[in-house]
Amino acid sequence: MNARAWAELLRLPALFTVPGDALAGAAAMSARPGRRTLQAIGSSLCLYEAGMALNDWADRQEDAVERPHRPIPSGRVQPAAALMSACAFTAAGLVLASRAGRPALAVATPLAATVWAYDLKLKHTPAGPVAMAAARGLDLLLGAAATRPAPGATRRALPSAALLSAHTLALTTVSRRETTGGAALPPLAALVTTGALGFLLSRELPAGRGAAVTPGLPGIGAAAPRPSRASRLPFPLGSALTAAYTAVAARPYFHATLNPSPALTQRAVGGGIRATIPLQAALSARAGAPVTALLTAALAPLAAKFAKKVSVT
């Protein structure tokens, strides 16, 4: 087996953008990450890899023309092997979600369905970016549902999921032009979205927002209520993470707006992907979880290091 080819197929450096979803979901529930949160992260990673393998399998004919260097068109990975790995990762993701509890499985199931629907049917339709945005939002809710498996509790994570989904919607819309370029409107819209998200992230949460929904849940992974953001979050941390997100995403979007060439559009997509981690960290900080925010932010340099070794394009 060609390990490097599989690393490229599965976009291993991009995996570092996944754990922050579940961690931000846990933070939104005012709970410390526990065993169920780790299982949710494992489920998210598996479903993400299923999407990567399925994406290249579905695009193998298109990639043979536009990206012949990719693992499948270059012959380094067989199409059947890629499809089988997508099935195996999906099954593993659902099993891990079931171990995290029924509420987590109830979120992971539509998440898996969205991944498959996007890759096989929706990617090249107007619904494609919406489906991708929904998948990211569901991934955050998966972490919330696993961390606090109480009926209706995940409603508290909906605002964070909406912000993450908005970022993903803008990024995916830009990515649809990364091989052709020529359109300034998508990166301009993404630039405006980034500014709006930065503004919303900088706002204080309502008083009491950090109180737990159901304190004292039994079992591993339950946690005591966390005080509200205003009472424990160091102000510079939230501001720094929000500024990092805005800077990483906005600059390449701005350049692509001025000159929507394929090269600059691809850089804009790369910037949007890199900005996902500081956004997740900022969401955790905004929810009053500074330790979770710092752990998430620490994934950014690791992603950058591995990106230099393995191509994700």
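Residues are numbered from 1 along each chain as its sequence is written, and side-chain values use heavy atoms, with hydrogens and water left out. In this predicted model, local features need pLDDT of at least 70 and side-chain atom pairs count only at pLDDT 80 or more, while totals for chains, interfaces and linings use all residues.

**Exercise 1.** State how many helices and strands the protein has.

Solution. Helices (H or I, at least four residues) and strands (E, at least two) are DSSP runs, numbered from the N terminus. By this rule the protein has 14 helices and zero strands.

**Exercise 2.** Classify cysteine 46 and cysteine 87 as buried, partly exposed or exposed.

Solution. Buried means under 20% relative accessible area, exposed over 50%, and partly exposed in between (1.4 Å probe, protein chains only). Cysteine 46 has a relative accessible area of 14%, so cysteine 46 is buried. Cysteine 87 is at 39%, so cysteine 87 is partly exposed. Across the protein, buried residues make up 52% of the 313 residues.

**Exercise 3.** Locate leucine 188 and describe its surroundings on the surface.

Solution. Leucine 188 lies in helix α9, residues 185-202. Its relative accessible area is 37%, so leucine 188 is partly exposed. Leu188 forms a nonpolar surface patch with Leu185 and Val192. Like charges are joined within 9 Å, and nonpolar side chains (Val, Leu, Ile, Met, Phe, Trp, Tyr) within 5 Å. Together Leu185, Leu188 and Val192 have about 290 Å² of accessible area, computed by the Shrake-Rupley method with a 1.4 Å probe, where for residues only the protein chains shown count as cover.

Notes
Patch = residues over 30% accessible without salt bridge, like charges linked within 9 Å, V, L, I, M, F, W, Y side chains within 5 Å. Salt bridge = Lys/Arg side-chain N within 4 Å of Asp/Glu carboxyl O.
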